[in-house]
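Please read the following report alongside the sequence and the three-dimensional model.

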Amino acid sequence: VPGAGATVPPASVPLGFLAAGGVGLWAFGLVVWFAADRVVAAPTTSGAVSAVHVGVLAFLTTAVLGAVHQFAPVVGRRPLRSVTGARLTLAGMVAAAWLLSSGFAHGPETLVAAGAVVGSLTVLLAAWNLSGPMAARDGGLPVAGLRLSIGFLVATVAFGVVYAFDRQTGWFLLLPGRVLAHAHLGLLGWLGITYVAVAEKLWPMFLLAHRPRARAGAWAIGLLAAGKPVLAAGLLVAAPPLAWLGGVTVVTGLGCHLVSLVTVVRHRRRPLELLHGFVIASAVFLVVAVGAGAAAAIGDLAPADRARLVAVEVAALLAWLGLAVVGHAHKIVPFIAYTALRARGVATAPSGKPLLFSDLFHPGLARATLAAATTGFAVAVLGILVASPTTLAAGGVAISVSGALATINLASGPRRVSRHDDRRPETDLVPGRTP
Amino acid sequence: MTTAGAAEHHRQLAMTALGNVWDPELGLDVVSLGLVYDVRVDGDDIAIDMTLTTPGCPVSEQLPAEAEAAVRAAVPDANVTLRVVWDPPWTPELLSPLALQRLGFNPRS
């Protein structure tokens, strides 16, 4: 009976990342709750910086790296350079995420420095490992996008390391624009381009959509990759014309991404389902982020109001990526679990019908996850906008609930199928099942 | 049974077996999805041309292997070879009427 393909890593690799990412989302919600008053007071306080790093590293980066360790070998049709390297990447990413976040929140500064060193070594290891499948010449747009996004990941971490040591040495002032350059490199360069590139492969597949022309995705990746360094440079050296040029380019790229989503939905051959709910809700937050960012850039605002709008933009970008990650996890995890179960000879669901991806999670819990995550992020963004710690904290609680629901649901579904199969009598074999 | 009759019998067995291989994402069999392009029988040899909805599909390694295993199980004395082909590329027009109905196909689009 066929099981996992020759190029993909063992299921425990991507599932380990994704489980850690699920715990990261749960923790992120809690940290937002605990740090709500400080986030609202000033988005650059230690508590706020710690919360953002839990969200970006412990949740988003960990989960996305897991997905990429599965996706790149499938699309590139080449294996990772090292499975052990992938496992070390997971350990390093979890360690870096929590060292940095703890260091920011409570000190001492050596924790931040240690997290930065572990994080940079981890990212270099991941880049080397992923360079195997990403060397594929026929990987198309997704692989091209991943090459760019991994480059941005390395750049983001390089910024982070310098900033981490600057906190101790005081080489230069960590002005808000400089912090923002780092944040945007990570959110739009690394995570954003990864999502846009992966979506160009996954959306047509999951929506069964064949588009006559699919150039919007290529434009999105190209414009994001071209605009992001310019925007970061403009923020870094406080050069408004440069920041504007980069910002407009990036926003145009994000617009192309949304156009791509619209064309996929228009050409779909499947009814809308759970994933599409996540994706569409996610896209709404992207629009909110662009609106908040534009308002912060254009508006004649007091510094505190501008800072709040920028915080809204960052929170909405986290929501855009977060909802997309949780939604796609409801496809990726069942696929990986399905492959592992089939390799063990499990061919049927507890219902006795052929095993499908949809048998590997509870649909009601998944819908509750979508509701909790969407509500949580919306309430959190609103809380920052109206400077209400209570509202922000409520959003954090809902986000945390969504993380717990998603993790429990996606972890328990395959176990349920596996346990049921273990109880099946030896004589009750199905076609294609290994005795 | 004549040679032609035996070949047709093997072909029917192969098609029936392929009709029990399900795409785990779409919940439809590979025949209804229009993924099976050709089944040729020549003596004890069965050659299958199959495609996938898109190159690099998550089940691109697994589904063809499952299809081949299913035909081998259905016709154990045959030499079964399955080739994944990309030309012509799969399009939704290859979906069977049943598949279109099950997928909630919207004719307006």
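The sections below cover conventions, cavities, aromatic contacts, selected residues and backbone features.

## Basis of the model

This is a predicted model, in which local features need pLDDT of at least 70 and side-chain atom pairs count only at pLDDT 80 or more, while totals for chains, interfaces and linings use all residues. Residues are numbered from 1 along each chain as its sequence is written, chains are lettered from A and ligands numbered from 1 in the order in which they are written, and side-chain values use heavy atoms, with hydrogens and water left out.

## Cavities

A search of the whole structure finds four cavities of 30 Å³ or more, a cavity being a set of points on a 1 Å grid over the protein atoms alone where a 1.4 Å probe fits but cannot get out. Grid points are joined across faces, edges and corners, and a volume is the space filled by probe spheres set on the points; the largest cavity holds about 370 Å³.

Its lining (residues with an atom within 4 Å of a point) comprises 27 residues, of which Ala67(A), Val198(A), Leu202(A), His328(A) and Ile332(A) lie nearest the centre of the largest cavity. The helices α3 (46–76), α7 (176–206) and α11 (303–343) of chain A each supply at least two of the lining residues, where helices are DSSP runs of H or I with at least four residues and strands are runs of E with at least two, numbered from the N terminus. By class, the lining has 22 nonpolar, four polar and one charged residues; Ala, Val, Leu, Ile, Met, Phe, Trp, Tyr, Cys and Pro count as nonpolar, Asp, Glu, Lys and Arg as charged, and the others, Gly among them, as polar.

## Aromatic contacts

Over all chains the structure holds eight aromatic pairs, for which rings of Phe, Tyr and Trp (its six-membered ring) must have centres within 6.5 Å, with planes under 30 degrees apart counted as stacked, over 60 as edge-to-face and the rest as tilted. Phe285(A) and Phe377(A) form an edge-to-face pair, at 6.4 Å centre to centre and 70° between the planes. Because Phe285(A) lies in helix α10 (residues 274–298) and Phe377(A) in helix α12 (residues 363–385) of chain A, the pair ties together parts that are 92 residues apart in sequence. Both Phe285(A) and Phe377(A) are buried, a term for under 20% relative accessible area, with exposed over 50% and partly exposed in between (1.4 Å probe, protein chains only).

Ring pairs also link Phe159(A), Tyr163(A) and Phe172(A) into a cluster.

## Chain B and Thr53(B)

Chain B has three helices and five strands, and from the N terminus on its elements run α-β-β-β-β-α-β-α. Of the 109 residues of chain B, 46% count as buried.

Thr53(B) lies in the loop between β4 (45–50) and α2 (62–74) of chain B, and is buried with a relative accessible area of 11%. Leaving aside residues up to four places away in sequence, Thr53(B) touches Leu208(A), His210(A), Leu35(B) and Trp90(B), contact meaning heavy atoms within 4.5 Å.

## Backbone features

The peptide bond from Asp87(B) to Pro88(B) is cis, with omega near 5°, and Pro88(B) is placed in the loop between β5 (79–84) and α3 (97–102) of chain B.

In chain A, Arg77(A) is a residue other than glycine with a positive phi, near 55°; Arg77(A) sits in the loop between α3 and α4 (83–106) and is partly exposed, with a relative accessible area of 45%.

Technical notes. On a 1 Å grid over the protein atoms alone, a cavity is a set of points where a 1.4 Å probe fits but cannot get out, and a pocket is an open set with protein on both sides within 12 Å along at least five of seven lines; lining residues have an atom within 4 Å of a point.
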